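Subject: Handing over the protein and RNA model

Dear colleague,

Please find below the structure that I promised to pass on to you. My notes on what was found in it follow directly after.

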Amino acid sequence: MSLKVYNTLTRQKEEFKSITPGLVGMYVCGPTVSGESHLGHARPYITFDIVYRYLQYLGYKVRYVRNITDAGHFEEEGREAEDKISKKAVLEKLEPMELVQKYTNLFHWAMKQFNTIEPSIEPTATGHIVEQIVMIEKIIKDGYAYEANGSVYFNVEKYNTDFSKKGLPYGMLSGRVLDDQLDTTRDLDNQEEKRNKQDFALWKKAPPEHIMRWASPWGEGFPGWHIECSAMSSKYLGDQFDIHGGGMDLQFPHHECEIAQSAVCNDKMAARYWIHNNMITINGKKMGKSYNNVIKLTELFSGNHPALEQAYSPMTVRFFILQTHYRSTLDFGNEALQAAEKGLRRLWEAHEALQKMNLAECQFDKESTDKELDAKVLTLLSQFEEFMDDDLNTAKVLANMFEIVPVINSIKDKHILPSALQRETFNQIQLKMKLFVEDIFGLKSELQGDYTKLEGVLQVLIELRKQAKSKKDYVTSDTIRKQLMELGIALKDEKDGNISYSFV
RNA sequence: GGUCCUGUGACCGAGUGGCUAGGUAGAGCUCUGCAAAAGCUUCCACAGCGGUUCGAAUCCGCUCGGGACCUCCA
């Protein structure tokens, strides 16, 4: 068994082989910290968190680089070439770096809520201006870029002509042919600096009012968007690395341009495997600023948005995303999120109950084994890796988990005896559920803080209720249960007369 | 206009030739003082029309619908 991933470059699933045995270099396009992250942004970071975790499970030492874009995006290229970040800063009356800091912090907070593991390196664009300038100089020197009025543009046509011979034509990732594009590129104003419409900026001259600016051989300005990723990925991962990830919408032009820049500088395809996650949609349309349909993560967690019937917790969102294959679109909806919330709760409660079971004293013997059930469970468990190896099919793994949940609950409720399974099978369930639910899927309990005092108080109430029940004083017992429910604590009368509780 | 993807039951979604996906909701039953939870059962879908095949949600064609990219975008 070995991991297979879908490579956008070849349009097929390929066996994953790292360049250096045992080591993986992975670069994922990070956030632009000029605003708050929304639900759509959560998808790539959760998706590649799974990739990161699974690769590590497979035994790889992974260097995971995810950048912070804190400069360089153009709001409207060609118009005034305004840096997106400085534009917003003026609006909010903040220093640009203050704004950048604010949204970087918010992003990190959200990533922590989602229980994603921090990348190995999180470089910022502004921290790598020098590297970007060096790269641009090299591209100019080789004749694939030209300066015009303090800005520098990449000569796409010349690149395509020369590098097609080397098997690296422009458009190879997104599957487009350069000639087709000449007519289809939209008209933008003030494009006269460019020799061709499809040329893209490596460096932009900063207008006088522009606050974010750096000295360069071409005057004061700021870097183009695409060059930052090329500069940072090659700096930390080398001329060619294993995985480049990001959202599908970055395929063109962003990743295409990265490929071209890196090809000129390093004479190589920057990355071997290009992995792209699909979009999150809302009412069938991509969630995005330009569609005016975004739900910010803070809104999602608080429920404070007209489209939301309630708040949804970070783990619910994480689970929601994992229930779908990463290359399919995922449609947002209250009903769908609520279904995810309930499903997650059932899975998590079974998982917790399972981990608490201690069967050391239990008698297992051959005669009592339900061979059919035992074999079924073993198959379900063994498929966990099989499904993950098949292009990270988290949806199928979850489906299998949900087939195991009734078995766990039945053992817990004593509908079936633990000895219906072999001891080794039971141990496997505990082991693999923990491994996949927690370590690979990164799900966790959302209870925070120290609950020992609260638990003590609950025990007192539970004792009182037990007493009331034994006296058939159902008014008291129902009152306790009802009022706790209103506080979000559900009491359950177990078969054996015990009372358990859970936080809803 | 160009390139590409897609249409699965009430909702979200796996699934690329034959075998129950799964979750949620609904219905029934068991358990139970009641409830909740849990378990069992049920709901047996693949846009439409043709074609290929012993057999198609899955392959091919057409029709209709939805979407992405071509501009910043996760």
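**Surroundings of the RNA**

In this predicted model, RNA strand B is surrounded by 71 residues, the closest of which are G40, G247, S328, G343 and D493; a residue is taken as near a molecule or strand if its C-beta atom, placed from the backbone, lies within 6 Å of it. The largest share of that surface, ten residues, is supplied by helix α13 (residues 394-412), where helices (H or I, at least four residues) and strands (E, at least two) are DSSP runs numbered from the N terminus. Sorted by class, the surface near RNA strand B holds 23 nonpolar, 27 polar and 21 charged residues; Ala, Val, Leu, Ile, Met, Phe, Trp, Tyr, Cys and Pro count as nonpolar, Asp, Glu, Lys and Arg as charged, and the others, Gly among them, as polar.

A word on conventions: residues are numbered from 1 along each chain as its sequence is written, while chains are lettered from A and ligands numbered from 1 in the order in which they are written. As the model is predicted, local features need pLDDT of at least 70 and side-chain atom pairs count only at pLDDT 80 or more, whereas totals for chains, interfaces and linings use all residues.

**Chain A as a whole**

Chain A contains 16 helices and 15 strands, and its C-alpha atoms fill a box of roughly 90 × 50 × 35 Å along the principal axes. Of its 504 residues, 37% are buried, a residue being buried if 20 or more other C-beta atoms lie within 10 Å of its own, exposed if 12 or fewer, and partly exposed in between, with C-beta atoms placed from the backbone. Among contacts between residues at least 6 apart in sequence, 73% join residues at least 24 apart; two residues are in contact if their C-beta atoms, placed from the backbone, lie within 7 Å.

**Domains**

The chain is divided into domain 1 (4-277), domain 2 (297-440) and domain 3 (452-503), with bounds that come from an automatic or database domain assignment. Although the C-alpha centres of domain 1 and domain 2 lie 37 Å apart, 22 residues of domain 1 are in contact with 19 residues of domain 2. On the domain 1 side, β1 (4-7), α1 (39-57) and α3 (96-113) each supply at least two of the touching residues, and the largest share, ten residues, comes from α1. By class, this side of domain 1 has eleven nonpolar, six polar and five charged residues.

Four strands make an open sheet in the order β5-β6-β7-β8, with antiparallel pairing, where two strands pair if DSSP finds at least two bridges between them. Its edge strands, each pairing on one side only, are β5 (145-148) and β8 (221-223). Within this sheet, β5 and β6 (residues 151-154) are joined over four bridges, A145 having F154 of β6 as its bridge partner. The hairpin of β5 and β6 has two residues between the strands, and N149 takes a positive phi near 55° there. On its other pairing, β6 is joined by three bridges to β7 (residues 200-205), again antiparallel, with W203 as the bridge partner of V152. Both faces of β6 are covered, since S151 and Y153 on one side and V152 and F154 on the other are all buried.

A further open sheet has three strands in the order β12-β11-β13, with mixed pairing, and its edge strands are β12 (285-286) and β13 (330-332). Here β11 (residues 280-282) and β13 pair in the parallel sense over three bridges, and T281 has D331 as its bridge partner in β13.

**One buried residue**

I227 is found in helix α7 (residues 225-237), and I227 counts as buried because 30 C-beta neighbours lie inside 10 Å. Leaving aside its neighbours within four places in sequence, I227 is in contact with Q132, M135, I136, L202 and Q261. I227 and I133 are 94 residues apart in sequence, yet 9.1 Å apart in space, C-alpha to C-alpha.

With best wishes
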